[in-house]
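Visitor: I have a chain open and would like to go through its geometry with you. Could you take my questions as they come?

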Amino acid sequence: MYGNDDNLSSVGRPGIPGLLFWQKLLPAFVFGILSIKWLIPCFVAFLVYVVVLFAFKLQKGAIVLLILMFALGNFYGSSVLPLKPSSMPDWMGRREKVDVSGEIETIKGVPGNKLKIILKNVFCKSSNSSTELDGTMIWTWDQPDVFPVTGQKVSLFTRVKPISGFKNPGVWDYEFYSRTKNIFYRAYSRGELKNGKLIPVEPDFWQRLRADLRNKIISNAPSTQGGAIFPGLLTGDRFFLSRDTIELIRRAGISHVLALSGLHVGFVVSFGFALSWLIGLFFPRIYLKIPRVKLGVILSAPIVLFYLWLGQFSPSLLRAVCMFGFWGVLLLMNRGRVLLDGLFLAAALILVFAPLSAFDLGFQLSVLAVGGIAVFYPYFQAIIPVGTNVITKAIYFVLAVLAVSLSANLTILPLTIWNFGVLIPNLMFNVLWIPMLGLFLMPICGVGGLLASFVNTFISQKLFGLGAACFDYMLSLVRSAVESGWLPEYAFYRPLWEEFIIYFLVLLLFVCIRKSRRVKVAILSLIVLLCGSRIGTMIYSGNLPGIGSDYVTVNMLDTGQSQCIVITGPQGTRTVVDGGGAWGDSFDIGKAIVGPWLTSGHLPKIDNIFMTHADRDHAGGLAYLLEKFDVDNFYSDGNMPDGTLGERFSSAFSQSEVSMHKILRGDVIELEPGLILQVLHPTPYFNGKRNDSSLFLRLVWNGKGLICIPGDIEKKGINALLRHDDDIRADVLVLPHHGSAGSFSPKLYDKVKPKQAIAACGFLNRYNFVVPKVEKTLKYRGVDLRKTSLDGMLLIRWKSIDKL
């Protein structure tokens with residue numbers, strides 16, 4: 001009887017698990033769904049998958065079913081993908097504030113005292129028209145004065161924008177992701193709804209119960225960051241957590257403890273198993289009728305469902321409950337291979353009813369992590385010594401926790417690096433945090449404090465306070481470790497799609513090391529073929545070290561209402577001119593956009609950084625690059641940002657070996673032989689505001705002017721520049737100050753004589769850049785104008801000294 005229980009709960013033996021035929025078809029279906037966004041990468045991955053299956057002697061005729069499943073996935077995904085709105089209302093294009101009414105579909109508390117609210121059935125009324133919006137709208141409510149409930153109707157007077165912007169190939173596509181969620185618009189408000197209101201509604205029993213439980217947690221937990229963890233652990237509400245706390249948790253490598261998922265459901269399931277053990281302690285004969293493991297599954301079911309309800313049926317929690325549900329059913333059916341079969345059943349069910357979940361990062365990480373544990377943990381389990389006393393058992397436990405973390409991270413590694421752009425090789429805090437969370441914080445302080453709140457407030461506050469103190473202490477340890485450099489974070493090479501496939505083929509080769517020669521040869525052949533293809537692509541594009549190209553490339557990244565330009569020389573040098581930036585501290589464009597774009601298929605290496613001036617919309621993103629990238633040279637006019645941003649600059653300079661250079665008019669910087677940047681402004685004696693003192697740079701290749709980059713220079717600076725009567729002709733002109741009225745200068749346009757003008761400006765930006773008179777003047781002169789607000793990232797290439 002007990003032996004049967006042990007077999008049911010075993011993880012498995014080392015080696016690649018055999019798959020049922022229907023399980024072999026599921027990845028083809030997934031590739032088909034993903035192909036609606038990444039057609040070529042997914043089709044190649046599908047072909048590689050088919051070759052691997054045939055190396056394992058797949059049944060005859062299976063190729064037809066695999067192709068059909070790929071096609072079905074593509075068709076199904078395309079058919080359920082919400083259509084984009086065909087047009088934008090005129091009032092939205094004019095940035096008018098309108099009366100908005102809608103019904104609350106979901107509410108999510110996010111760090112920094114914000115609510116992310118999805119509104120459905122949204123109507124907007126402008127001064128002369130009424131519009132029903134397609135899909136749903138995400139409303140960010142900063143510092144709300146009250147907490148709404150789902151189903152409640154709301155009216156706002158605010159500005160509505162379509163979800164658009166930050167269109168840079170190779171980085172996170174927020175617009176497409178929102179489309180998969182049927183979200184097409186966004187709005188923002190702060191504090192009290194002065195020109196709007198929440199329509200009073202009578203909540204039902206379950207809403208009142210959930211609100212009551214949430215209030216008991218909040219009122220009894222201390223108002224510290226340690227106390228703020230309990231709404232997150234028990235209900236998924238991160239409203240009271242600060243961004244600094246979230247960053248510390250991320251640096252410790254334990255971000256998963258805040259995402260209600262399989263880890264938390266596992267802790268909840270342990271309550272059922274503990275209850276099963278307790279019942280057996282008093283009524284041991286019950287095990288003759290139902291084994292302990294099965295009893296634990298049955299007792300866990302209602303507890304898990306209650307936790308799912310308390311967590312507001314969040315997608316990550318729903319996925320985890322679905323997986324645990326199938327694992328429980330398989331255990332009750334006396335099936336082996338519970339972990340892997342349950343994973344496939346849950347993934348299949350989720351994709352049948354919500355195929356676009358395949359694009360959800362949480363779904364991808366969950367599936368890959370569980371798959372990694374199922375495949376790789378047995379290898380670690382086989383070499384970890386089994387404990388025979390208290391000390392050796394403790395060592396075994398620590399090593400087992402590390403092995404589980406490592407097994408999961410092996411499979412999600414390329415995905416996390418691609419999505420977050422950094423490598424955080426910190427697993428040790430998992431050993432401290434996960435046992436404390438599962439054995440003490442969640443069951444005793446969290447659940448115990450919540451239950452005690454119905455009996456004795458004093459006991460509830462003490463339990464929550466004890467847990468909060470432990471969490472605060474852990475945070476202090478993490479902060480000390482970060483400050484001491486013990487928890488490193490590295491900007492890392494972000495793999496391209498070929499390298500994703502190569503990585504997983506290498507993992508497959510490892511687990512197939514004992515398979516037949518035919519299997520290993522097939523996998524090795526695929527790896528060599530894909531590596532050859534990748535090298536060929538690098539040679540063609542000039543990205544292979546030591547092999548130059550015939551091109552100079554300039555990319556103007558889409559960084560919203562800010563500016564970042566990247567120059568790539570024929571020999572592969574990379575020069576960043578300004579790094580974009582946002583005016584607030586909550587969004588780091590360097591970390592979210594510029595850094596990930598630079599490391600897409602490249603190492604985190606920059607040869608030169610030029611800062612035209614110290615405004616945040618040009619300098620903000622540079623702080624991250626200076627902190628995390630290998631930078632050779634930094635050029636500026638000598639002025640540095642102030643405030644927190646300036647402190648980050650100073651800290652980065654003190655901890656790196658970057659060479660700092662102050663440059664002024666007359667300086668010439670050689671980027672590569674024949675490729676130079678001329679500094680044409682300001683002079684040492686120029687006296688003007690920060691914008692007018694911006695560096696005016698001219699890129700020249702073998703004597704030919706390619707592009708002029710003038711920062712935010714305005715009339716005074718432009719007039720000073722033109723008085724020198726330099727040759728500033730160039731094929732392309734970056735519009736000064738994003739195309740503002742203050743930088744309007746027909747004389748400058750005539751002097752540069754560009755064929756094309758480009759502007760970095762945000763979609764529907766509040767300044768209305770590029771202003772109409774600039775556009776009209778450029779059009780009159782036959783100059784083609786391109787804007788990041790409409791076209792996303794702009795790319796310009798020159799071959800030798802040819803035309804654009």
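Visitor: How are α14 and α18 oriented to each other, roughly parallel or something else?
Guide: This is a predicted model, and in it the axes of helix α14 (residues 361–383) and helix α18 (residues 497–511) cross at roughly 30° and come within 11 Å. An angle under 35 degrees counts as roughly parallel, and α14 and α18 are therefore roughly parallel to each other.

Visitor: And which hand does the crossing of α14 and α18 have?
Guide: The crossing of α14 and α18 is left-handed.

Visitor: What about α11 and α12, at what angle do they pack?
Guide: Helix α11, which covers residues 292–310, packs against helix α12, residues 315–332, at an angle of about 160°, and their axes are 10 Å apart. Since angles over 145 degrees count as roughly antiparallel, α11 and α12 are described as roughly antiparallel to each other. Their crossing is left-handed.

Visitor: Switching to charges, how many salt bridges does a search of the whole structure find?
Guide: The search finds 27 salt bridges. One of them joins D142 and R190, whose closest N and O atoms are 2.8 Å apart. D142 belongs to strand β4 (residues 136–142) and R190 to strand β7 (residues 183–190), so this pair ties together parts that are 48 residues apart in sequence.

Visitor: Which parts does the R250 and E489 pair tie together?
Guide: R250 and E489 form a salt bridge in which the closest N and O atoms are 2.5 Å apart. R250 lies in helix α9 (residues 243–251), while E489 lies in the loop between α17 (457–483) and β10 (490–491), so the pair ties together parts that are 239 residues apart in sequence. R250 is buried, with a relative accessible area of 17%, and E489 is buried as well, with 8%.

Visitor: Which residues are linked with R250 and E489 in a network?
Guide: The network of salt bridges links E247, K591 and K628 with R250 and E489.

Visitor: How far apart are N and O in the salt bridge of E202 and R208?
Guide: The side chains of E202 and R208 meet in a salt bridge with an N to O distance of 4.0 Å. E202 has a relative accessible area of 66% and is therefore exposed, while R208, with 42%, is partly exposed.

Visitor: Away from charges now, which residues form the nonpolar patch on the surface?
Guide: The patch is formed by L275, W277, L278, L281, F282 and F283, which together have about 660 Å² of accessible area. F282 is found in helix α10, residues 262–282, and counts as exposed because its relative accessibility is 58%.

Visitor: Let's turn to the backbone. Which residues does a cis peptide bond join, with omega about 5°?
Guide: That cis peptide bond joins H681 and P682, and P682 is found in the loop between β18 (675–681) and β19 (696–701). Another cis peptide bond, with omega about 0°, joins F769 and V770, where V770 is found in the loop between β22 (756–759) and α26 (772–780).

Visitor: What is the phi of L764?
Guide: Phi of L764 is near 55°, which is a positive value in a residue other than glycine. L764 lies in the loop between β22 and α26, and with a relative accessible area of 14% this leucine is buried.

Visitor: And F166, where is it placed?
Guide: F166 is in the loop between β6 (161–162) and α6 (174–180). F166 has a positive phi of about 55°, although it is not a glycine, and with a relative accessible area of 33% this phenylalanine is partly exposed.

Definitions and conventions: Residues numbered from 1 in each chain as written. Predicted model: local features only at pLDDT ≥ 70, side-chain atom pairs only at ≥ 80, totals over all residues. Heavy atoms only, no water. Patch = residues over 30% accessible without salt bridge, like charges linked within 9 Å, V, L, I, M, F, W, Y side chains within 5 Å. Areas by Shrake-Rupley, 256 points an atom, 1.4 Å probe, with all protein chains shown as cover. Helix = DSSP H or I, 4+ residues; strand = E, 2+ residues; numbered from the N terminus. Buried < 20%, exposed > 50% of the residue type's maximum accessible area, 1.4 Å probe, protein only. Axes fitted to C-alpha atoms, helices over the stretch in contact; angles between N-to-C directions. Parallel < 35°, antiparallel > 145°, perpendicular 65-115°, else oblique. Left-handed = near helix turned anticlockwise from the far one by under 90°.
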